[in-house]
Amino acid sequence: MLSLGRSAQAKMLLAKTLRQWAHLRYNFCLARAARRLSNKYSQIYCYGPLLHTVQMAKLFPDSKTFVDMKLKASPEKTMELFEAFMASTNNTPTNDQIRKFVDDNFGAKGTELEVWTPTDWVEHPAFLDLVNDPDLKQWGVDLNNIWKELGRKMKDDVHKNPEYYSIIPVPNPVIIPGGRFIEFYYWDSYWIIRGLLYSEMRDTARGMIENFMSIVQRIGFIPNGGRVYYWGRSQPPLLAGMVKSYVDFTKDDRFAINALDVLEHEFEYFINNHSVQAKGYNLAVYRDSSKGPRPESYSEDIETAATFNTDEDKENHYSELKSAAESGMDFSSRWYINEEGTNVGNLSVTKTRSIVPVDLNSILYWNAKIIAEFHAKAGNVDKMTEYETKAQKIKEAIQAVLWNEEAGCWLDYDLINEKPRDYFVTSNLAPLWVKAYNISDTDKISASVLNYIEKNKLDTFPGGIPNTLYQTGEQWDFPNVWAPLQYIIIEGLDNLGTPDAKQLSKRWGHRWVKSNFAAYRDSRAMFEKYDAEKFGGHGGGGEYGVQKGFGWTNGVIIEWLAKYGHEISLSNTGAAGPSSRFLSLLGVTAVALIGAFAGHLIW
Ligand SMILES: OC[C@H]1O[C@H](O[C@H]2O[C@H](CO)[C@@H](O)[C@H](O)[C@H]2O)[C@H](O)[C@@H](O)[C@@H]1O
């Protein structure tokens, strides 16, 4: 190690003191901001009699509509008017009276945002030159154009009168997922930001990251999405991954170093608020910290809670549902634990808080690694070592608790029955993506994981890898396929680096691009989720209809057009044929090919 001169040491000490002081100041401001946030808006948009009365009247086909509407008067005045309204109707207003109350006191939803054409949008980003097939190239042009449809900017009034809106004010414009999701979402933004970077829209990408950093500074953590009613839950913590993506693209090390306080704060927030003990190791679970049903799906939650008799049991059920929403996989048999300790059942056996998830712990490992890497860039050797140590501890816990030798893969862990959950879910492969395993075990892990894939027949689905193999009607179950999880698995296999894993990764990557293209060619739309059983088919199920737009889907495709565009041809089947390992599945593949022909394309 280099020996430092006195002035360098003094500089480092000063930098450290400034960082510690900034941390203290943060904590103070954050607590104040969080208190303000929960007091001011909560009685209208988060819980309480007004929310209950309006949402239980089911005035709108989508429960999210009401909580996205603007107030016409201040929250205090609105509450006064509501109390007078309830008194005048003997506390039993009819639906027509409630509708009138809403019409009189709330404006249309989504009026806080205006469509925004990103100022850094370019007509011909370089990734298009990497795409050979003319139809795929034109699709790339179309996708690049869609950024302009998904750009949103907050109107000035939001900054002047934030308490009139449920939107969380942020300084910079954003790219939204689309459809009913008219505000930013936390984990969606990771894939959106990567797509923007490939589209050369660095300012927009940086602006979105800075928004998230400002939210951590104001609220203490990043909520699920850009609305105050998401205040009790986050989503998979990918801010560090976003900053790393930006820095890898731009080589702007200063940006990485300046982000360190916020990244450390977010990491510590997750560790402090989500920790559990499993087999004597510290790991994290998804865990919401608010009371009551989800405001944006209020009557839905009240209905599924009807099977519980006590207020305490109902409250616990709401927490399990909101914790599932924090995972991003709302809802799924992944979170079911029934009396027998299996995943069979329905939403009422959702036990998210008692399941140690492979993905969250892998992402936290990655956060610690990224923070260590950025400290190394800053020359903060002690801090770098501190975060390397934290990362190693998480990795050891993942290996001890979540790796399952018999299954040959990582599995979520059931804290109630103290046993691994041997059910396929895409997130079981998340450690591959962030390399949360001992690199010296690569060959062994590769053989085990490829065997696990074969055992679960994951290569037999023409439309992509389903999120689970159990069909419940919930949107994060079979047969739905989601772009972010395809990305995690396919990039994970690529990272693993063995020839078989790389070959499968490429073939699945090509297939995803072609299947998304088939859906686009047939419907001119990009979807939130797709159908594993149908090449080019979109997904469904859950509590709302399939959405179009769609931020993370477009981000993944743009990145993979850049990655595979030189070698994918829509008229050529040979680009990434199956490995010998998968030839045993030839019979099933033949069925898939017939399906593909029916969809006019061969994957
Ligand atoms: O309103 C129902 C739920 O909607 C959101 O979840 C889904 O969309 C998000 C945006 O694309 C996505 O991040 C999430 O993974 C999807 O399941 C929302 O995030 C949930 O909290 C909400 O209950």
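Mentor: E3 and strand E4 (residues 151–154) are paired in the antiparallel sense over three bridges. This is a predicted model, in which local features need pLDDT of at least 70, side-chain atom pairs count only at pLDDT 80 or more, and totals for chains, interfaces and linings use all residues. Residues are numbered from 1 along each chain as its sequence is written, and side-chain values use heavy atoms, with hydrogens and water left out.

Trainee: What makes E3 and E4 count as a pair?
Mentor: Two strands pair if DSSP finds at least two bridges between them. Three bridges are found here, so E3 and E4 are paired. At one of these positions, leucine 113 has methionine 154 in E4 as its bridge partner. As for the names, helices (H or I, at least four residues) and strands (E, at least two) are DSSP runs, numbered from the N terminus.

Trainee: Why do E3 and E5 stand at the edges of their sheet?
Mentor: The open sheet has three strands in the order E3-E4-E5, with antiparallel pairing. Strand E3 (113–115) and strand E5 (174–175) each have a single partner strand, so one side of each is left without a neighbour in the sheet.

Trainee: How do you know that E8 and E11 pair?
Mentor: Two bridges join E8 to strand E11 (residues 413–414), and the two run antiparallel. Isoleucine 355 stands opposite aspartate 414 in E11. The sheet they belong to is open, with the order E8-E11-E12. Its edges are strand E8 (355–356) and strand E12 (419–420), each with a single partner strand.

Trainee: Why is H8 called roughly perpendicular to H19?
Mentor: Helix H8 (residues 186–198) and helix H19 (residues 483–496) pack at an angle of about 70°, with their axes 10 Å apart. Axes are lines fitted to C-alpha atoms, for helices over the stretch in contact, and angles run from 0 to 180 degrees between N-to-C directions. Angles under 35 degrees count as roughly parallel, over 145 as roughly antiparallel, 65 to 115 as roughly perpendicular and the rest as oblique. That makes H8 roughly perpendicular to H19.

Trainee: And what makes H8 oblique to H21?
Mentor: The angle between H8 and helix H21 (residues 551–564) is about 40°, with the axes 7 Å apart. That value falls among the rest of the angles, so H8 is oblique to H21.

Trainee: Which residues of H8 and H19 meet?
Mentor: Trp187, Tyr190, Trp191 and Arg194 in H8 meet Pro484, Leu485, Tyr487 and Ile488 in H19 (contact means heavy atoms within 4.5 Å). Towards H21, the H8 residues include Trp187, Trp191 and Gly195.

Trainee: Is valine 434 buried or exposed, and how do you know?
Mentor: Buried means under 20% relative accessible area, exposed over 50%, partly exposed in between (1.4 Å probe, protein chains only). Valine 434 has 7% relative accessibility, so it counts as buried. This valine 434 is found in helix H17 (residues 430–434). Leaving aside its neighbours within four places in sequence, valine 434 is in contact with Ser362, Tyr365 and Trp366.

Trainee: Why does glycine 497 get another label?
Mentor: Its relative accessible area is 39%, so glycine 497 is partly exposed. Glycine 497 is found in the loop between H19 and helix H20 (499–523).
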